[in-house]
Every structure is written in C-alpha cells, then in structure tokens.
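Please look at the sequence and the structure before reading the points below.

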Amino acid sequence: MIEVTIDGRKTEVAPGTTILAAARALGIPIPAFCDSPMVEPYGACRVCSVEVDDGRKKRIVTACNYPLSKPLAVLTRSDRALGVRRVVLEMMLARWPNVKVIREAARDVGLTEPRFSHPKRNESESACILCGLCVRLCHEGVWHRVLAFEGRGESRRVSMPYGKQPPECVGCMACANVCPTGAIRFAEDPNRPANADRIRRAGAELTREVLLLDGSQCRMREVGTAHLVEIMNDYDLLPVHNYRFGAHAEAHRIASDKFKPIFSQGIDDGCALGCDMACAKAVEGHLLRTGPDKGKRVLVDGPEYETASGCGSNLGIFEPWAIVEINYYCDHYGLDTISFGTLMAFVMECFEAGALNLERTGGIDLRFGSIDGTLEVLHQMARGEGFGKIAGQGIRRMKRIFAERFGADPAFLQDIGMEAKGLEYSEYVTKESLAQQGGYGIALKGPQHDEAWLIFMDMVNKQIPTFEDKAEALHYFPMWRTWFGLNGLCKLLWNDVEPEDNAESGAPAKVPRHVRGYCEFFAGMTGKEVAPEDLIAQSERVYNFQRVFNLKMGFGRRRHDAIPYRSQGPVTAEEYLSREERYDKQLREEVGADPATMTLDEKRAALRRYREDRYEKLLDAVYKRRGWTSDGIPTLAKVRSLGIDRVEGLVDLLRANGVAE
Amino acid sequence: MRLTVNGEPYACSEGLTVEGLIREKTFTFPLKVVFVNRQLVRKDRFASTVLRDGDVVEIVHLIGGG
C-alpha cells in the first residue's frame with residue numbers, strides 16, 4: 001500500500017490506483033467529463049487536472065489517468081490546479097456555453113461567462129463535448145468499434161463510417177447511456193418499442209454490471225463458459241470417461257487458462273451483436289491436422305464449456321488442439337458437439353468393456369483418450385461410412401444395434417448410455433443431485449440443462465432437501481428459463497453476472513434485480529406491465545402445451561422421463577469404489593444398512609434400489625406441483641386454468657390418453 | 001473446532017476464516033453468498049472473518065450452469 005495525502009487528508013491505496021479513484025474514495029470531488037469505470041482512463045477533457053508534490057517538485061497532472069506508485073501529496077484545489085482547470089473550462093464554455101456539466105464545473109472555479117468567443121460556438125444544451133466516452137465504450141466495452149472520431153482540432157467529431165449508421169450497429173445504446181450531455185439520441189428504433197427508454201435503462205444497468213463486475217466474477221468476456229472446466233472439476237461434476245467420474249488429474253490441461261491464449265480477445269460477440277458479455281469465443285488460425293481440410297488454417301467458433309468437457313474430459317482427451325479440431329469438424333459437418341461428445345463417450349466405454357472391438361469398429365482404436373480414433377469416427381460419420389455410420393445414429397439406436405448385432409448386454413447398455421427421449425446428455429455429472437437428475441429427465445426436449453441447473457442448490461448448498469423443495473425448484477426454474485426462449489433472449493445475462501447487492505436480495509439464486517430488469521424490458525417492448533410471477537405464468541402455458549405436444553408425438557408420459565442409471569449412481573464396481581466413502585455413508589445414514597457387513601455387489605444393489613426409488617418419488621412430487629397426473633400428463637383442470645384447453649383437439653387428446661375429469 | 005457448513009458437520013482447526021473455509025472446501029465457483037449464523041458476510045470480509053466453534057455457515061452457490 002502507498003500512503004498519499006489528498007488536500008491534507010492521509011489515505012492508503014493499492015499501487016496503480018488513480019488519483020481520481022483515491023480522491024473519490026475519500027469523498028473529495030474532482031470534476032471529470034471523460035472518466036467512467038467501464039473504460040480505461042483517457043485524459044481527454046483535462047478538467048480533472050490537479051497538482052502533485054512528490055517532495056522534489058510540484059507539477060500538474062490529470063487525476064483520472066495518473067496511477068499512484070509512490071507517496072505523494074495531491075492538491076485538488078491549489079491555485080495552480082484551479083488555474084489550469086479554469087483555462088480548460090473557459091475554452092469549453094466558449095464553445096459549449098449551455099451544456100450543464102460544463103456550466104456546473106465552470107461555476108465551481110468562479111466562471112460564468114467566457115471572456116472570448118469560439119468560432120464553432122454551439123448553443124445546444126446537449127452538444128457533444130468530445131469526451132470520447134461513447135467511442136471508447138463502443139471499442140473497449142462492447143468491442144464493436146462502430147463509433148470513431150473523425151477530423152482534427154476544431155473539426156473533430158464523433159462519427160460512424162462514411163457518416164452513416166452501418167448495419168453492424170445494432171443500437172445497443174451503450175454510447176447514449178454513457179454520454180454526459182445527452183448528445184446521442186436514437187432517431188428511430190426499427191423495433192418500435194412501446195417505451196424505448198425503459199428498455200435502454202434496463203440494458204444500461206446490465207452493461208454497467210458486466211463491464212465492472214465480470215472480470216472478478218465469471219470472466220465470460222475473457223474465456224466464455226470455458227471457465228467452468230476447472231470449477232466443475234473442483235466440485236466432482238466434470239464428466240470424465242462417459243460420466244463415470246466427476247474429476248480427473250489431467251483436467252488442468254483443458255482448463256480455461258489453456259484456452260485463453262488461443263481465444264481471440266477483445267472481439268465483439270459473434271452470437272449477439274452488441275452483447276457486452278460477449279462470451280462466444282473463437283480460435284483463429286487453427287491448423288487442421290486431419291480430415292478434408294487438413295493443412296488449412298481455419299477459424300473455429302468455440303469451444304465452450306460443453307465442447308471442452310464433452311469432447312475433452314468425457315472422452316479422456318486432454319489436448320486443447322484436439323478439442324478445437326473436433327469442434328471445427330462438428331460445426332463443419334453440422335453436428336452438435338454435445339451429442340457427438342456424449343455418444344463417443346458411450347462408444348469408448350463400450351469399446352473398453354468389450355461390447356465393441358477392433359473388428360466391430362473397422363480397426364479404429366476407441367479406448368478413452370484416443371484422439372485419432374475420435375476424429376476418424378467423426379469424419380466417417382460425415383461421409384456415412386464404416387463404424388461412423390453406426391455411431392452417427394446416436395446412443396438410442398446404438399444400444400439396439402450393439403445388442404442385436406454384437407450380442408452386448410442390453411441392461412448394461414441401458415445403464416451407461418447417457419440419453420433420454422433419444423437425446424444425448426449435456427455435460428454435467430448428476431449422480432449426487434437428485435434435483436438435477438429430474439432437471440435432465442423431465443426436460444421436454446431431452447436431457448439438456450436449458451430448463452434447470454440445480455446442482456449447486458441441491459448438492460452443495462443443500463437448500464432444497466425435501467422432495468417438495470426440489471419439485472418447487474423444478475417448477476420455478478424450468479418455467480423461468482422457458483421465458484427466455486419465449487422472448488428470444490439469452491439467459492446468461494440473468495445468472496452469469498451478479499449485481500453487487502445480490503447477496504442482500506433475499507433470494508439470490510433467482511437474482512431478483514435481474515428478474516425485475518426483464519419485467520422492465522418486457523413492459524418497455526410491449527407496453528404491457530408485468531410482475532415477475534406474470535412471466536412464470538406466460539411460460540407455464542407454453543410449457544404445458546409443449547408437454548401435451550410431446551404426448552401427441554409419443555414422448556409425454558412418465559416412462560419417457562426415465563433416465564439411465566449412470567446419471568443416478570455408480571453403475572460399475574470401479575465407479576462405486578472410486579467414491580466408496582460417499583456411497584457407504586449414504587447407505588449407513590440414509591438407507592439404514594451396514595456397509596461393513598455387505599459385499600460390494602450388495603452395496604451397489606442396495607444403493608441403486610434406494611436412488612431409483614428416490615427418483616420415482618421425485619417424479620411424483622414434480623408432477624403434483626405442476627398439476628399433472630401421476631403418469632406425467634397435464635390434467636384437464638390444469639389446461640383449463642391456463643386457457644390452453646381452447647386449442648383444437650387438445651382436450652380430446654388428453655381424454656384419449658386416459659386423463660379423466 | 002466443529003462447524004456446520006451447508007447443513008453438515010465440519011471439523012476444522014481454530015482460527016479458520018471464511019476465506020480459509022472456502023479454500024479448504026475447494027469452493028472455487030465465484031458467485032457465492034456467505035452467511036455465518038444467518039448474518040451476511042460480504043466478500044471483502046471473507047479474509048478477516050474468523051469462525052468460532054459451533055458456527056453455522058451457509059455458503060450459497062448461485063445457480064450457474066449455462
């Protein structure tokens with residue numbers, strides 16, 4: 001820490017703290033037009049000029065961009081400092097005589113009218129004072145680089161390319177929100193919102209949070225969701241070797257610090273233009289080692305967490321280049337990296353368990369960790385050839401094919417094949433979170449976590465201990481997350497950045513301030529006032545309609561919410577032994593058994609009975625909370641209360657499926 | 001000394017701070033809220049808040065997960 005004195009008051013600051021920040025922390029005001037914590041200091045307006053004395057000499061510096069590195073005395077209102085500030089402000093006042101921030105700062109140094117006139121005098125109260133905040137926020141904050149300065153001297157002005165609004169400008173309005181004079185206004189919003197200002201205020205709040213807090217929270221702007229690799233490994237949640245384990249000693253080799261150097265930094269988001277979180281990362285210039293584009297340097301969109309874990313740890317692959325290459329070819333061939341990763345993990349476990357062998361894979365070695373084998377299957381899949389043609393059909397069909405053609409044990413395949421409703425699992429180990437087992441199993445489109453991610457609430461926080469608690473979470477969160485889909489919004493801004501005061505909000509997991517922000521957004525767009533519970537009601541109608549649609553398509557009953565045992569508990573003896581203490585404890589404390597007197601097979605069987613029974617009880621509780629029958633179908637009363645009974649044929653469909661009055 | 005951490009008993013050495021407990025538990029997820037005996041502990045006090053025998057600690061991880 002460095003001791004500095006500001007206007008006679010002593011304080012200690014960390015090296016690198018600016019004079020402006022140190023003064024503000026003491027409550028000493030220094031005017032500054034071009035400063036914002038959201039962008040790097042710039043020193044453009046010079047209004048923050050102060051005098052510093054290091055004991056050897058005194059000089060004038062700008063407070064906003066002067067980092068403190070040694071003990072100093074700062075005088076914010078010495079004659080010399082005020083003299084400089086007065087000259088600067090007098091020139092500004094001569095040019096922009098009616099801008100409020102200038103008038104106020106000028107009055108503070110005893111100026112009301114300038115002694116001279118300026119050839120470019122602008123009488124507007126909202127004139128641009130060339131502070132550059134808008135330009136810098138567009139560059140450094142939104143990473144969009146649409147705004148720039150043009151001209152020099154008194155011809156300098158803020159502009160867009162060729163003086164026109166380019167299509168790249170999506171009207172995020174970060175520039176307008178940071179402007180100290182109101183010089184930037186939106187001429188026309190093509191979306192014609194009912195109240196654009198309400199939307200922009202809500203947006204400005206998110207911009208501020210992301211730019212100020214993300215760097216110390218999830219670092220989405222640096223590494224995107226890849227920061228989750230190391231975190232999930234720390235919590236035993238990172239899928240390893242087809243979800244057998246939740247951590248691996250090599251996981252650090254695919255942690256976010258290995259991806260950061262190959263991710264392009266400071267580039268605007270390719271997923272949603274103008275998004276400040278900008279978590280969509282890309283690798284530029286990846287040199288392909290395999291496949292039809294071998295030898296070419298390519299741009300790869302990703303990898304995100306799901307790709308890094310699904311096509312990395314879950315396959316026993318800990319080489320970033322291989323994950324990037326798999327990512328590239330999945331995109332190139334139009335394959336989903338999650339489905340590909342999860343189905344390859346299944347294939348590899350089958351290979352190691354003997355259900356597959358070199359003869360059946362056409363000579364491809366598919367043990368865990370086989371990068372060459374994984375890429376070869378991927379290329380075959382795209383060509384519709386060899387073993388790739390089988391693997392490309394997904395886990396559900398592979399289970400049947402392996403049993404019918406290769407004589408594999410169907411029960412084992414069912415246990416380790418991580419799919420439900422025909423969709424491959426996304427990349428989290430759910431064994432120790434019953435709520436998340438339900439979150440995956442009951443999800444309408446199959447086991448993905450878009451509806452609910454409850455592992456921390458359930459497994460770590462122990463916030464939802466009872467079946468009813470879990471059912472409530474499996475009502476609220478899927479409905480809330482569905483709302484993002486209904487409105488075409490991304491949910492990452494909801495919970496991957498947290499307001500400073502979220503801890504005191506009473507329900508931090510729901511991030512209440514952000515939920516209110518979305519209500520503002522909705523009202524601003526549509527003109528219809530909504531409260532948080534109205535958003536849930538909007539989703540509930542759609543969600544229940546989708547469940548009925550699933551029923552119509554043959555996926556909407558209790559049996560379709562069944563999940564493979566691998567997602568509930570240890571399938572193999574090796575898995576049990578790897579976390580033996582944990583499983584024995586559950587047998588002792590919850591099942592009432594004495595593991596000391598049991599064989600390993602007995603312990604596995606007892607644990608399985610207990611866990612499978614709990615899953616069924618969870619389904620009962622969730623169906624009840626949602627107003628569904630014990631077979632998982634919305635009741636007539638439920639569809640009527642939601643008003644979706646008016647959909648033609650819906651009630652008849654329910655009746656035909658045994659739903660009575 | 002003995003604490004209760006997220007509803008479960010936890011044995012630890014005297015003088016452990018909130019920050020130390022978070023490190024021991026490998027709770028590396030950044031979005032957390034900590035309560036000691038139902039009192040909120042702000043992030044900037046994690047290092048200076050010393051836990052006492054019998055304290056009930058809740059380390060609430062916010063949702064997470066894409």
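Domain bounds, as used here, come from an automatic or database domain assignment. The structure is a predicted model. For chain A, the assignment gives domain 1 (2–108), domain 2 (220–424) and domain 3 (434–656).

**The contact between domains 2 and 3**

- The centres of domain 2 of chain A and domain 3 of chain A, taken over C-alpha atoms, are separated by 26 Å.
- Domain 2 of chain A contributes 18 residues to the contact, and domain 3 of chain A contributes 24 residues.
- On the side of domain 2 of chain A that touches domain 3 of chain A, helix H16 (residues 410–416) of chain A gives the most, with three residues.
- The residues on that side of domain 2 of chain A comprise twelve nonpolar, three polar and three charged.

**The five-stranded sheet**

- In chain A, five strands form an open sheet with mixed pairing, in the order E2-E1-E5-E3-E4.
- Strand E2 (9–13) and strand E4 (58–62) of chain A each have a single partner strand, so they stand at the edges and one side of each is left without a neighbour in the sheet.
- Direction ignored, neighbouring strands of this sheet are turned by 30° against each other on average.

- Strand E3 (residues 49–53) of chain A pairs with E4(A) in the antiparallel sense, over five bridges.
- Opposite A:Lys58 in E4(A) stands A:Asp53.
- Helix H2 (residues 79–95) of chain A lies across E3, E4 and strand E5 (72–75) of chain A, and runs at about 155° to E3(A).

Key
Residues numbered from 1 in each chain as written. Chains lettered and ligands numbered in written order. Predicted model: local features only at pLDDT ≥ 70, side-chain atom pairs only at ≥ 80, totals over all residues. Pairing = 2+ DSSP bridges. Helix = DSSP H or I, 4+ residues; strand = E, 2+ residues; numbered from the N terminus. Axes fitted to C-alpha atoms, helices over the stretch in contact; angles between N-to-C directions. Contact = placed C-beta atoms within 7 Å. Nonpolar A, V, L, I, M, F, W, Y, C, P; charged D, E, K, R; others polar.
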